[in-house]
Amino acid sequence: MAYQLAPPNNGAAILPTDDDGGQLRPPTKLLGCLRTVGRPTSKTNPLLVAAVYNAADISRVDVKLVDVASGATVARLDRQGNGHFGVTGGLLCLVGTGGTVAVSVLDPATGDVTSIPAYANGNKTSSAYVFGHVPATGEHKVLRVYTAEYGETKQLCEILTLSGSGGKQQRWRPARSPPRAEYDVIASFDLATEEWRPTLLQCPLSSDKRNCCSDSLSLVELNGCLVFVHHDYLSYAMDMWVLTTDLDRGTWLRVEPLPLGKILRGDGEIMAQPLMVLDDGRIAFWVRYPNSVVRVYNPRTGGCEDVVNFGKLCSVVGLYRGSLLGVK
């Protein structure tokens with residue numbers, strides 16, 4: 001279904017109505033909810049990690065670490081190999097695209113680079129990667145979800161431990177397939193046990209009440225909280241729900257919607273991904289298309305400004321909270 005993207009009411013968000021025609025008043029603002037529910041974090045804003053591709057040589061990538069509050073590039077790692085980038089537990093990781101699917105791990109605190117020749121179990125297509133850190137053991141792991149070749153539709157999984165390899169060759173270890181489920185649920189993987197959690201998390205908004213396609217839905221982490229993001233193109237607002245309990249209980253709190261007319265502009269912009277809430281209460285977004293722009297919105301004043309434009313060939317990797325002593 002197509003939706004008209006012209007913002008109604010001069011760009012102001014229109015609150016959805018309940019079955020009786022009354023407006024649904026959200027109980028709280030985003031910043032207040034995150035401060036109440038989120039885990040304690042550093043008082044310093046994390047750095048945004050972005051992979052910027054060179055149009056003349058797409059196989060080489062420049063990795064930039066950016067202070068979102070100012071837009072300044074704090075550090076950069078030029079001419080990295082192409083592949084799937086990730087940030088986890090103070091490390092930057094790169095899964096290569098070659099036949100061995102080797103992994104390079106960079107520690108910005110020391111400057112050390114470790115190459116893990118991890119051999120995959122055959123050719124894969126349509127791979128997605130998740131990088132994570134297990135605080136209890138200190139291990140860093142990569143989960144890969146993929147579909148096999150030759151027409152198999154079932155999703156399969158493999159997992160790789162990045163730390164503790166001792167320089168030995170490693171293989172991707174098979175893991176259980178994601179649980180099969182209908183729409184409107186979220187499956188979660190426990191990196192410590194390397195198992196899918198038996199409880200499926202119910203989405204806060206059912207599919208029949210969404211005014212967008214699936215590409216305009218996302219799950220993001222904001223200041224230590226899991227947040228469900230919905231682009232409502234009918235009322236031209238961004239709806240967000242914050243998970244206020246653990247995954248087993250699954251209680252969501254809907255916060256005040258943000259006006260898309262303030263965040264998005266013309267020229268084909270249709271989606272903004274929340275990145276972080278800054279210390280001063282401003283909210284940083286990544287507007288991917290048509291140019292990769294990081295835009296900061298001030299909910300107090302309604303103002304919105306571009307802080308950095310990465311250009312057309314860019315992907316946001318994640319947030320880095322560690323030291324940069326080892327980066328020149």
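This is a predicted model: local features need pLDDT of at least 70, side-chain atom pairs count only at pLDDT 80 or more; totals for chains, interfaces and linings use all residues.
Student: What makes up the chain, in helices and strands?
Tutor: The chain has two helices and 24 strands. Of its 328 residues, 45% are buried.

Student: How many aromatic pairs does a search of the whole structure find?
Tutor: The search finds four aromatic pairs. One of them joins Phe228 and Trp252.

Student: Why is the pair of Phe228 and Trp252 called edge-to-face?
Tutor: Two values are needed, the distance of the centres and the angle of the planes. The ring centres of Phe228 and Trp252 are 6.3 Å apart, and the limit for a pair is 6.5 Å. Their planes stand at 70 degrees, and an angle over 60 counts as edge-to-face. The pair is therefore edge-to-face.

Student: What makes this pair a tie between parts of the chain?
Tutor: Phe228 belongs to strand β17, residues 225-232, and Trp252 to strand β19, residues 252-259. The pair therefore ties together parts that are 24 residues apart in sequence. Phe228 and Trp252 also form one aromatic cluster with Trp241.

Student: How do you know whether Phe228 and Trp252 are buried or exposed?
Tutor: Buried means under 20% relative accessible area. Phe228 has 4% relative accessibility, so Phe228 counts as buried. Trp252 has 16%, so Trp252 counts as buried too.

Student: Which strands form the open sheet that includes β17, and in what order?
Tutor: The order is β16-β17-β18-β19, with antiparallel pairing.

Student: What makes β16 and β19 the edge strands?
Tutor: Each of β16 and β19 pairs on one side only. Neighbouring strands of this sheet are turned by 25 degrees against each other on average, with direction ignored.

Student: How do you know that β17 and β18 pair?
Tutor: At least two bridges are needed for a pair of strands. β17 and β18 have six bridges, in the antiparallel sense.

Student: Which residues touch the most other members of the largest nonpolar core?
Tutor: The core has 36 residues, and those residues are Leu30, Val227, Met238, Met240, Val242, Leu258 and Phe285. Strand β18 gives the largest share, five residues. Met240 touches residues including Leu30, Val227, Phe228 and Leu258, not counting residues up to four places away in sequence.

Student: Which strands form the open sheet that starts with β20?
Tutor: The order there is β20-β21-β22-β23, also with antiparallel pairing. The edge strands are β20 (273-277) and β23 (304-309), each pairing on one side only. In this sheet, neighbouring strands are turned by 30 degrees against each other on average, direction ignored.

Student: How do you know that β20 and β21 pair?
Tutor: The requirement is at least two bridges, and four bridges join β20 to β21, residues 283-287. Met276 stands opposite Ala284 in β21.

Student: What makes Arg144 a charge over the rings of Tyr146 and Trp172?
Tutor: The distance limit is 6 Å from the ring centre, and the charge must also be within 35 degrees of the ring normal. Arg144 lies over the face of Tyr146 at 5.8 Å from the ring centre. The charged end of Arg144 also sits over the ring of Trp172, 4.5 Å from its centre.

Definitions and conventions
Residues are numbered from 1 along each chain as its sequence is written. Side-chain values use heavy atoms; hydrogens and water are left out. Rings of Phe, Tyr and Trp (its six-membered ring) pair if their centres lie within 6.5 Å; planes under 30 degrees apart count as stacked, over 60 as edge-to-face and the rest as tilted. Buried means under 20% relative accessible area, exposed over 50%, partly exposed in between (1.4 Å probe, protein chains only). Axes are lines fitted to C-alpha atoms, for helices over the stretch in contact, and angles run from 0 to 180 degrees between N-to-C directions. A nonpolar core is a set of buried Ala, Val, Leu, Ile, Met, Phe, Trp, Tyr and Cys residues joined through side-chain atoms within 4.5 Å. Contact means heavy atoms within 4.5 Å.
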